[in-house]
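Q: Hi! I have a structure to look over and would like to talk it through with you. Could you take a look?

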Amino acid sequence: MFILKRLLCVISLFTIVQPALALTPTHLLNYQDSYGNISLTDSGDIQLPDPLVVSGDLNLENSRIRLLPPSLTVKGNLNLAYSHIEYLPLALKVDGYINLAYSKIKELNFGLQVHGDLSVAHTQLKKLPDNLYVKGNLLLQNSQLRALPNKLVVDGNIYIGNMSLTTLPSDLIIGGNLYR
């Protein structure tokens, strides 16, 4: 009998899988400061409400959140550094920078527009999308990129340290400098 109870306990440990905790906009008030910033750093796999409008910054650094809501608007900056995010939503609007450094990002959206800096440093990204616009700086250091995309426009600087980038696209528009 003891062995049977023990076996059932072990089996139940392996079969119980906890789904992502779904947060409502009311729940998010607990994580929001007086400036409209929401910080869920070091959080577990949380499901964010859809649509989600953040009046300040959204900080998901080092979180285990895997999916962002399909309709996400961030009036400030979006920090996804060290996060488990693999894809950005198609209806993403961010008024500030997007930090994807050390994240698990696999792909960026075609025609993505970033109104601040974009960091994909230390990621496994193999390519950037065509028609990418970055108002600030583009940080690519130690990434897996082999080439820059077509019709890339960067108003600031591009940082390409520790990359095997050998050629630049002929239609590249850069307002600042290229740094190795």
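A: Happy to. One term before we start: a residue is called buried when its relative accessible area is under 20% and exposed when that area is over 50%, with partly exposed in between. Also, this is a predicted model.

Q: Thanks! In β8, which residues are on the covered face and which on the uncovered one?
A: Leu92 and Val94 make up the covered face of β8, while Ala91 and Lys93 are on the uncovered face. In general, side chains in a regular strand alternate between the two faces of the sheet.

Q: And which strand does β8 pair with, in what sense?
A: β8 pairs with strand β6, residues 71–74, in the parallel sense, over four bridges. Within that pairing, valine 74 stands opposite valine 94 of β8.

Q: What's the strand order in the open sheet?
A: The order is β10-β12-β14-β16, four strands with parallel pairing.

Q: How many bridges join β10 and β12?
A: Two bridges, again in the parallel sense, with β12 covering residues 133–134. Valine 114 has valine 134 in β12 as its bridge partner.

Q: Switching to side chains: how many aromatic pairs are there?
A: The count is two. In one of them, tyrosine 82 and tyrosine 102 have ring centres 4.7 Å apart and planes at 0°, so the pair is stacked.

Q: Where do those two tyrosines sit?
A: Tyrosine 82 is in the loop between β7 (78–79) and β8 (91–94), and tyrosine 102 is in the loop between β9 (98–99) and β10 (113–114), so the pair ties together parts 20 residues apart in sequence. Tyrosine 82 is partly exposed at 41% relative accessibility, and tyrosine 102 is partly exposed too, at 38%.

Q: What about tyrosine 159 and tyrosine 179?
A: Their ring centres are 5.2 Å apart and their planes are at 15°, so this pair also counts as stacked. Here the residues lie in strands: tyrosine 159 in β15 (residues 158–159) and tyrosine 179 in β17 (residues 178–179), so parts 20 residues apart in sequence are tied together. Tyrosine 159 is partly exposed at 26%, as is tyrosine 179 at 36%.

Q: How many salt bridges did you get?
A: One. Glutamate 86 pairs with lysine 106, and their closest N and O atoms are 3.7 Å apart. Glutamate 86 is in the loop between β7 and β8 and lysine 106 in the loop between β9 and β10, so to speak distant parts of the chain, 20 residues apart. Relative accessibility is 25% for glutamate 86, which makes it partly exposed, and 49% for lysine 106, also partly exposed.

Q: Is leucine 40 buried or exposed?
A: Buried, with a relative accessibility of 2%. Leucine 40 is in the loop between β2 (38–39) and β3 (46–47). Beyond its neighbours within four places in sequence, its contacts include Leu28, Tyr31, Ile46 and Leu60.

Q: How far is leucine 40 from arginine 64?
A: They are 9.8 Å apart, C-alpha to C-alpha, and 24 residues apart in sequence.

Q: Last one: where does pLDDT stay under 50?
A: Over residues 4–18, where the model has zero contacts beyond four places in sequence. Where pLDDT is low, the predicted coordinates should not be read in detail. For the protein chain, mean pLDDT is 89, and 89% of residues reach 70 or more.

Definitions and conventions:
Residues numbered from 1 in each chain as written. Predicted model: local features only at pLDDT ≥ 70, side-chain atom pairs only at ≥ 80, totals over all residues. Heavy atoms only, no water. Phe/Tyr/Trp six-rings, centres within 6.5 Å; stacked < 30°, edge-to-face > 60°. Buried < 20%, exposed > 50% of the residue type's maximum accessible area, 1.4 Å probe, protein only. Pairing = 2+ DSSP bridges. pLDDT = per-residue confidence, 0-100. Contact = heavy atoms within 4.5 Å. Salt bridge = Lys/Arg side-chain N within 4 Å of Asp/Glu carboxyl O.
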